[in-house]
Amino acid sequence: MIDFEIPDELAALRDEVRAFVADKVVPYETDPRVTRHGPNEDLRTELVGLARDAGLLTFQAPRRLGGREPSHVEQAVLFEAAGWSTLGPVALNCAAPDEGNMFLLSKIADPAQTEEFLVPVVEGRQRSVFAMTEPEGAGSDPNQLATEAIFDGTDYVINGRKWLITGARGARTWIIMARVAPNSSGADGPTLFLCDGDTPGIEIERIMDTMDRNYVEGHGVVVFNDLRLPASAVLGEIGQAFRYAQLRLAPARLTHCMRWLGAASRAHAIAVEHARTRTAFGKPLGEHQGVGFMIADNEIALQQCRLAIWWACWTLDQGAKGRHESSMVKSMVSEELFKVADRCVQILGGIGISDETPVGAIFSDIRAFRLYDGPTEVHKYAIARQALRSPS
Ligand SMILES: Cc1cc2nc3c(=O)[nH]c(=O)nc-3n(C[C@H](O)[C@H](O)[C@H](O)COP(=O)(O)OP(=O)(O)OC[C@H]3O[C@@H](n4cnc5c(N)ncnc54)[C@H](O)[C@@H]3O)c2cc1C
């Protein structure tokens, strides 16, 4: 039976997270260290320190790694609270890509890999990247993966070019997707490798200028130039990269939805306050039906998104893989929250597109959400294929 009642203990933690973000993190939103390429490492370290002091850092981690291991539904409640500021997840260490990478590593890293590459990320001491997307290869269709790993009898030698790699500059824990070429020594195919970002052969070509500003150190173009890794750098099994990426994707899509639900709720609260207090044509903006309808549409969309996220989380908590459910929810939520943010900009009038409030930034940040972890059209393509395969 689906039961979405929030127990007292969870409500108390949610309120603690919400108060932490509102009181301690929001004041940093105008900090000059929030740059064209997102918060820089210096700001991240300071914010993480605040969450550590508050006892809230990486609350979503497994208990064996010092976290509170909330269920997926519990995460939905907590991540929404964290997302009230786009810096909230950065401070609490539940932002992308680290959060999804920690989840994946906690499932498949061996004990030595866990110690070297996962524990420092959980502790907020270093960041991680997931390097899949390529200008000429993998994107919506990972089968186009072009980065190649050639086994020379001792090491894997990796060559390729990636882009849109979030947080590449300064990250130490690198998960790299490459195709192991057929070889006489064993398995081949799409494989995940795990290594230190300082390994010779990893070259950051440049940081891309993008319309979003919420991800630490932005998104990099990266070249792997004869990157030489030992067999111990293989993460999980050779040839299983797509299976592992799927393992990461369903929950990671949903945590994106949760964080953006928090941010969109913030934009809505600001827009409602504006509509309540600013007047035009003799009455508050909100009392004009055109504005009232936008407020009502936002209220409806936010609650619809919340319930959809909780439902998909519930299926994961029942042990389902949730691939189909998370696809449906991710495509719907990313589209609806974008519309919420757009209406908030409209209600604010001219200041909606300025940095006078966080709404303009939330609008540009949330636009990107319709693209990553599967563009809407790709999710719909998968949903339609499923429906065609097994008509109801
Ligand atoms: C902010 C941001 C952060 C990112 N971070 C990372 C990261 O850290 N690591 C990483 O590896 N990647 C990252 N990405 C890349 C992201 O995963 C890709 O952008 C995404 O997979 C889409 O691939 P693409 O950009 O190559 O688009 P393409 O594959 O070129 O697709 C372009 C468009 O074609 C349409 N399309 C594609 N396939 C279909 C289909 N089957 N049916 C209908 N329409 C279709 C869609 O509208 C799609 O938007 C990030 C992207 C963004 C925007």
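A residue counts as buried here if 20 or more other C-beta atoms lie within 10 Å of its own. Keep in mind that this is a predicted model.

With that cut-off, take Asp-373. Is Asp-373 buried or exposed? It has 23 other C-beta atoms within 10 Å, so Asp-373 is buried. Asp-373 sits in the loop between α10 (359-368) and α11. Its backbone deserves a remark: phi is positive, about 50°, although Asp-373 is not a glycine.

Leu-164 gives a second case of positive phi in a residue other than glycine, with a value near 60°. This one is in strand β5. Leu-164 has 21 other C-beta atoms within 10 Å and is therefore buried.

One more backbone item. The peptide bond from Ala-96 to Pro-97 is cis, with omega near 0°. Pro-97 belongs to the loop between α4 (88-92) and α5 (98-108).

Now the overall layout. On the contact side, ten residues of domain 1 meet nine residues of domain 2. The domain 1 side of that contact takes at least two residues from each of β2 (38-39) and α2 (41-53). By class, that side has three nonpolar, four polar and three charged residues.

Helix α2 also holds Leu-47. Why does Leu-47 count as buried? Because it has 27 C-beta neighbours inside 10 Å. Leaving out residues up to four places away in sequence, Leu-47 touches Val-25, Tyr-28, Leu-87, Val-90 and Ala-91. As a distance reference, the C-alpha atoms of Leu-47 and Cys-195 are separated by 26 Å, and the two residues are 148 residues apart along the chain.

Next, the record. An unreviewed UniProt entry annotates residues 8-124 as "domain: Acyl-CoA dehydrogenase/oxidase N-terminal". In the model, the chain over residues 8-124 is 60% helix and 3% strand, and its end C-alpha atoms are 28 Å apart. UniProt, again in an unreviewed entry, places "domain: Acyl-CoA oxidase/dehydrogenase middle" at residues 130-217. What is the helix and strand content over residues 130-217? The chain there is 0% helix and 47% strand, with the end C-alpha atoms 14 Å apart.

Last, the ligand. There are 19 residues around the ligand, and Met-132, Gly-139, Ser-140, Pro-375 and Glu-377 come nearest. Which domains each supply at least three residues of the shell around the ligand? Domain 2 (128-235) and domain 3 (242-389) do. In terms of secondary structure, β3 (128-131), β5 (155-166) and α11 (376-389) each provide at least two residues of that shell. The shell divides into twelve nonpolar, five polar and two charged residues.

Two elements from earlier come back at this point. Strand β5, which contributes to the ligand shell, is where Leu-164 is found.

Key. Residues are numbered from 1 along each chain as its sequence is written. This is a predicted model: local features need pLDDT of at least 70, side-chain atom pairs count only at pLDDT 80 or more; totals for chains, interfaces and linings use all residues. A residue is near a molecule or strand if its C-beta atom, placed from the backbone, lies within 6 Å of it. Helices (H or I, at least four residues) and strands (E, at least two) are DSSP runs, numbered from the N terminus. Ala, Val, Leu, Ile, Met, Phe, Trp, Tyr, Cys and Pro count as nonpolar, Asp, Glu, Lys and Arg as charged, and the others, Gly among them, as polar. Domain bounds come from an automatic or database domain assignment. UniProt positions are given in the numbering used here, feature names are shortened, and annotations may be inferred rather than shown by experiment. Two residues are in contact if their C-beta atoms, placed from the backbone, lie within 7 Å. A residue is buried if 20 or more other C-beta atoms lie within 10 Å of its own, exposed if 12 or fewer, and partly exposed in between; C-beta atoms are placed from the backbone.
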